Protein chains: 2
Amino acid sequence: MTEHSLWRFSRAFHRAINERQPEDLEPLIDEEVDWAIHGPVDMFPFLGARRGKAAVLEVIREIAENLRVHRFDRESIMLGVDQAASMMRYSLSVLDANRAVSLRLAHFAQFRDAVRSTCRGSRRRHQSSFRA
Amino acid sequence: MTEHSLWRFSRAFHRAINERQPEDLEPLIDEEVDWAIHGPVDMFPFLGARRGKAAVLEVIREIAENLRVHRFDRESIMLGVDQAASMMRYSLSVLDANRAVSLRLAHFAQFRDAVRSTCRGSRRRHQSSFRA
């Protein structure tokens, strides 16, 4: 049984944020990805909609510069053949304000070529919404 | 092909809110439901966690007294045999403030006895998170 694409994405995403190592994440993001993190854009300019891999990697870089993940719990999860949806609870630090933040984030992901994605891991669509 | 439990729940939920007709919704909520709408409880006291059908019906009543749904779009959706997850965008009015609100709500639902639920429609778990 192959691993669901979500787990590989999740490990790579959190490593890219906390260790500023986006190398594992890069091959998992589709060139034409639709990406959106809905949240207070005035507070965090890296929120909002993006299109394409380069723009998303820039978002990841900005998140890594601004936030550190201390803990996350998946409170609800659904896995489909090429989809995943999770309700997550995060404990974060905002680095330059030295401030702890606790928030929920709902994550919806669409994977392309789900079987191959355990090897190649391309992904097509990603949408999240969070509130502190 | 039977209809997924989510659609019946969604119709009954919105009818309960907008027409103050909870009759169709009542049989769809499990006696032991775990219910949570994560959001600004200080602004809307009917948000937060509840346990059991009576408490949830009271929440629905309070929502119906305070909000009116003008429009909703499902931006992402996942349907499983006995689960559903959606990212939704709502246009609402807050009735006593006569104020329009636009918000996203991520909805995760767990249905019990999914096949029967097209007839009986009991449901076990429900979690939502929204931000304006």
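User: How many residue pairs are in polar contact between chain A and chain B?
Analyst: Four residue pairs, both partners at pLDDT 80 or more. A polar contact is a pair of N or O atoms within 3.5 Å; within protein, one must be able to donate a hydrogen and the other to accept it, and residues adjacent in sequence count only if both atoms are side-chain atoms. Keep in mind that this is a predicted model: local features need pLDDT of at least 70, side-chain atom pairs count only at pLDDT 80 or more, and totals for chains, interfaces and linings use all residues. Residues are numbered from 1 along each chain as written, chains are lettered from A in the order written, and side-chain values use heavy atoms, leaving out hydrogens and water.

User: Which strands of chain A supply at least two residues of the side that touches chain B?
Analyst: S3 (67-79), S4 (83-94), S5 (99-111) and S6 (123-131) each do that. Strands are DSSP runs (E, at least two residues), and helices are too (H or I, at least four), numbered from the N terminus. The largest share, six residues, comes from S6(A).

User: How many residues are in contact?
Analyst: 23 of chain A with 23 of chain B, where contact means heavy atoms within 4.5 Å.

User: Switching to helices: what's the angle between H1 and H2 of chain A?
Analyst: Helix H1 (residues 5-18) and helix H2 (residues 53-66) of chain A pack at about 55 degrees, with axes 7 Å apart. The axes are lines fitted to C-alpha atoms over the stretch in contact, and angles run from 0 to 180 degrees between N-to-C directions.

User: Which residues meet there?
Analyst: Phe13(A), Ala16(A) and Ile17(A) of H1(A) meet Ile60(A), Ile63(A) and Ala64(A) of H2(A).

User: And what's the angle in chain B?
Analyst: H1 (residues 5-18) and H2 (residues 53-66) of chain B pack at about 55 degrees, axes 7 Å apart. The contact there is made by Phe13(B), Ala16(B) and Ile17(B) with Ile60(B), Ile63(B) and Ala64(B).
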